Amino acid sequence: MTYECLHCKKEIKNLEKNFVRCPYCGFRALSKKRSPIAKEVKTN
Ligand SMILES: [Zn+2]
């Protein structure tokens, strides 16, 4: 799972467990980022 810092907009790939914080600016609000190669899953 890749995260994106809401402050500096950098991608954070190596997040430690229970440590949700941007390693670049220290901001503590990150958003989950979908992988660019998202597969479409149809369940019908
Ligand atoms: Zn940041």
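A: Strands are DSSP runs of E of at least two residues, numbered from the N terminus, and helices are runs of H or I of at least four residues. Two strands pair if DSSP finds at least two bridges between them. The model is predicted, and local features need pLDDT of at least 70, side-chain atom pairs count only at pLDDT 80 or more, while totals for chains, interfaces and linings use all residues. Residues are numbered from 1 along each chain as its sequence is written.

The protein has three strands and zero helices, giving the pattern β-β-β along the sequence. These strands make an open, antiparallel sheet, ordered β2-β1-β3. Because β2 (11–12) and β3 (30–33) each have a single partner strand, they stand at the edges, and one side of each is left without a neighbour in the sheet. Strand β1, residues 2–5, pairs with β2 in the antiparallel sense over two bridges; Tyr 3 has Ile 12 in β2 as its bridge partner.

Glu 4 also belongs to strand β1. With 15 other C-beta atoms within 10 Å, Glu 4 is partly exposed, a class between buried (20 or more such atoms) and exposed (12 or fewer), with C-beta atoms placed from the backbone. Of the 44 residues in the protein, 5% count as buried.

Contacts join residues whose C-beta atoms, placed from the backbone, lie within 7 Å. Leaving aside residues up to four places away in sequence, Glu 4 touches Lys 9, Glu 11, Leu 30, Ser 31 and Lys 33. The C-alpha atoms of Glu 4 and Lys 32 are separated by 6.3 Å, although the two residues are 28 apart along the chain.

Key:
Contact = placed C-beta atoms within 7 Å.
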